[in-house]
Amino acid sequence: MRESFDISDEMLKATVDLLYDNFDCYKLLLCRARGSQYTNFLHDFVDQNSRQSYQLITIAYEQGEIKKMIPYDEFHALLTSFWVAIMETVIHDFSREKASNYVLTLGSFFNWTAVFGF
């Protein structure tokens, strides 16, 4: 289960590829959705991701696979920060190459294995 918490370079690059293969769609969702049903796209995405991920974290903690448990609201805030930081590449029109390099730094900054005490 530990691999679920490791942010590999490959996963980060795949995330950039997903965003940049659909750049115009994400740009619309992140920058031009005000007033539409997608106004809260990023918040809704993170909220759903937080709830699902926290279920996995709870199970991992109960099974002794992680040593520390953090409250849900802290986890949600951290995950929001993580995804907002990634989406900044689209919002600020980073090139794909610049975004790929940036997310590798971001992956080091958000060290989830340290947060949960592996």
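## Crossing of α4 and α5

In this predicted model, helices α4 and α5 cross with a right-handed sense. Helix α4 covers residues 72–91, and helix α5 covers residues 96–109. Their axes come within 9 Å of each other. The crossing angle is roughly 165°. Angles over 145 degrees count as roughly antiparallel, so α4 is roughly antiparallel to α5.

Which residues make the contact? On the α4 side they are F82, A85, I86 and T89. On the α5 side they are A99, Y102, V103 and L106. By class, seven of the contact residues are nonpolar and one is polar. The contact has no charged residues.

The model has four salt bridges by the distance rule applied here. One of them pairs D21 with R96. Their closest N and O atoms are 2.8 Å apart. D21 belongs to helix α1, residues 9–21, while R96 belongs to helix α5.

R96 has 32%, so R96 counts as partly exposed.

D93 and K27 form another salt bridge, with 3.0 Å between the closest N and O atoms. D93 sits in the loop between α4 and α5. K27 sits in helix α2, residues 23–31. The pair therefore ties together parts that are 66 residues apart in sequence. D93 is partly exposed, because its relative accessibility is 49% and the exposed class begins over 50%.

The closest N and O atoms of R51 and D47 are 3.2 Å apart.

Both side chains have intermediate accessibility classes. R51 has a relative accessible area of 44% and is partly exposed. D47 has 25% and is also partly exposed. The cut-off for buried is under 20%, so D47 does not count as buried.

Definitions and conventions. Residues are numbered from 1 along each chain as its sequence is written. This is a predicted model: local features need pLDDT of at least 70, side-chain atom pairs count only at pLDDT 80 or more; totals for chains, interfaces and linings use all residues. Side-chain values use heavy atoms; hydrogens and water are left out. Axes are lines fitted to C-alpha atoms, for helices over the stretch in contact, and angles run from 0 to 180 degrees between N-to-C directions. Helices (H or I, at least four residues) and strands (E, at least two) are DSSP runs, numbered from the N terminus. Angles under 35 degrees count as roughly parallel, over 145 as roughly antiparallel, 65 to 115 as roughly perpendicular and the rest as oblique. A crossing is left-handed if the near helix is turned anticlockwise from the far one by less than a right angle, and right-handed if clockwise. Contact means heavy atoms within 4.5 Å. Ala, Val, Leu, Ile, Met, Phe, Trp, Tyr, Cys and Pro count as nonpolar, Asp, Glu, Lys and Arg as charged, and the others, Gly among them, as polar. A salt bridge is a side-chain nitrogen of Lys or Arg within 4 Å of a carboxyl oxygen of Asp or Glu. Buried means under 20% relative accessible area, exposed over 50%, partly exposed in between (1.4 Å probe, protein chains only).
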